[in-house]
Amino acid sequence: MSFVAPFSFLLLLPLLGFLFVVRSGGSGQAQRLPGAWHGLVQPALRGYLAARSRLGQAGVPVLCFIAATLVITALARPGVDTDDTDRLATLAGRVIILDVGADLARHRHFMDALHRADGGIATAVIAASGDAYRIVPFTTDKSQIDRYVQVLDAGMIPRQGQSPHIALATAERILTDAGYLVRQIVLLSARGGPQETVEIPLGQSRRIVVPLGDTDRWDDWAAAEHAEIAGPDAARDLTEGLKQDARAMAHAELPSTRHEFTTVLIALAALIWLLLFRRREA
């Protein structure tokens with residue numbers, strides 16, 4: 001069971017407060033006589049009459065509170081996720097940028113950790129140096145990624161340097177071209193940040209910088225590029241964040257990936273509301 005809008009449950013707080021006031025907050029049993037009974041009975045006898053008869057039970061609108069609770073729960077949109085993982089996989093895409101210029105062993109270890117967290121996320125790989133080079137297209141096949149990443153080193157890059165902003169712009173473009181609705185860009189680097197920063201306009205991707213060694217200047221670069229800084233042990237957290245974003249998008253775009261109980265709760269609330277209009281016995 002999960003809720004699309006769990007903050008809707010905050011509406012229960014004023015409802016519970018009102019219930020407390022109705023039941024006990026200064027009104028007492030004497031104030032619970034319904035309708036005209038309150039004006040017909042002397043104040044000294046109201047408590048006795050409410051306690052000894054069934055009239056006082058009508059003073060606490062229990063059905064109203066139950067119906068209101070059901071409506072608030074419906075606003076939170078409770079439901080159960082389906083196992084339609086194939087459709088979820090088509091929503092999310094990830095681009096890993098390798099800042100080539102230092103030993104790439106730590107880069108490969110982090111990529112392995114990302115794959116262990118979830119191997120079903122479509123991933124593309126870009127090598128960044130003085131320019132950006134797309135070395136692996138989107139795939140979920142780890143062997144295909146390893147085939148190119150395992151042999152990559154700085155000597156293979158035609159243009160040396162450090163221009164991660166070019167790779168960032170390239171990553172945004174290929175994610176857009178691929179049509180992924182949920183996008184993540186992970187920049188891995190084992191050296192300090194670039195001396196100069198060229199700001200890339202914010203797109204629809206979530207950008208993360210993972211310094212695997214020297215963290216110098218990466219904070220400033222990340223702030224300029226609207227990116228977050230993550231630690232070298234954040235692979236699982238990054239994957240879970242991407243999957244949560246994909247689920248949220250699936251709930252909005254693919255109704256078949258979730259069974260919601262909102263309609264049932266609204267129907268129950270309406271039925272209870274109709275019971276409030278039932279005719280009592282004389």
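Helices (H or I, at least four residues) and strands (E, at least two) are DSSP runs, numbered from the N terminus. This is a predicted model, where local features need pLDDT of at least 70, side-chain atom pairs count only at pLDDT 80 or more, and totals for chains, interfaces and linings use all residues. Residues are numbered from 1 along each chain as its sequence is written, and side-chain values use heavy atoms, with hydrogens and water left out.

Start with Arg217, in the loop between strand S7 (205–211) and helix H9 (218–224). Arg217 is not a glycine, yet its phi is positive, about 75°. Most residues other than glycine have a negative phi. Now select His226, in the loop between H9 and strand S8 (228–229). The phi of His226 is also positive, near 60°.

Next, go inside. The whole structure holds two cavities of 30 Å³ or more. On a 1 Å grid over the protein atoms alone, a cavity is a set of points where a 1.4 Å probe fits but cannot get out, and lining residues have an atom within 4 Å of a point. Grid points are joined across faces, edges and corners, and a volume is the space filled by probe spheres set on the points.

Select Met111, His115, Thr123, Lys142 and Ile145: of the 18 residues lining the largest cavity, these lie nearest its centre. That cavity has a volume of about 190 Å³, and helix H6 (105–117) gives the most to its lining, with five residues.

Finally, visit the second largest cavity, with about 40 Å³ of space. Its lining includes Ile97, Pro164, Trp221 and Ala227, while S7 gives the most, with three residues.

Notes
On a 1 Å grid over the protein atoms alone, a cavity is a set of points where a 1.4 Å probe fits but cannot get out, and a pocket is an open set with protein on both sides within 12 Å along at least five of seven lines; lining residues have an atom within 4 Å of a point.
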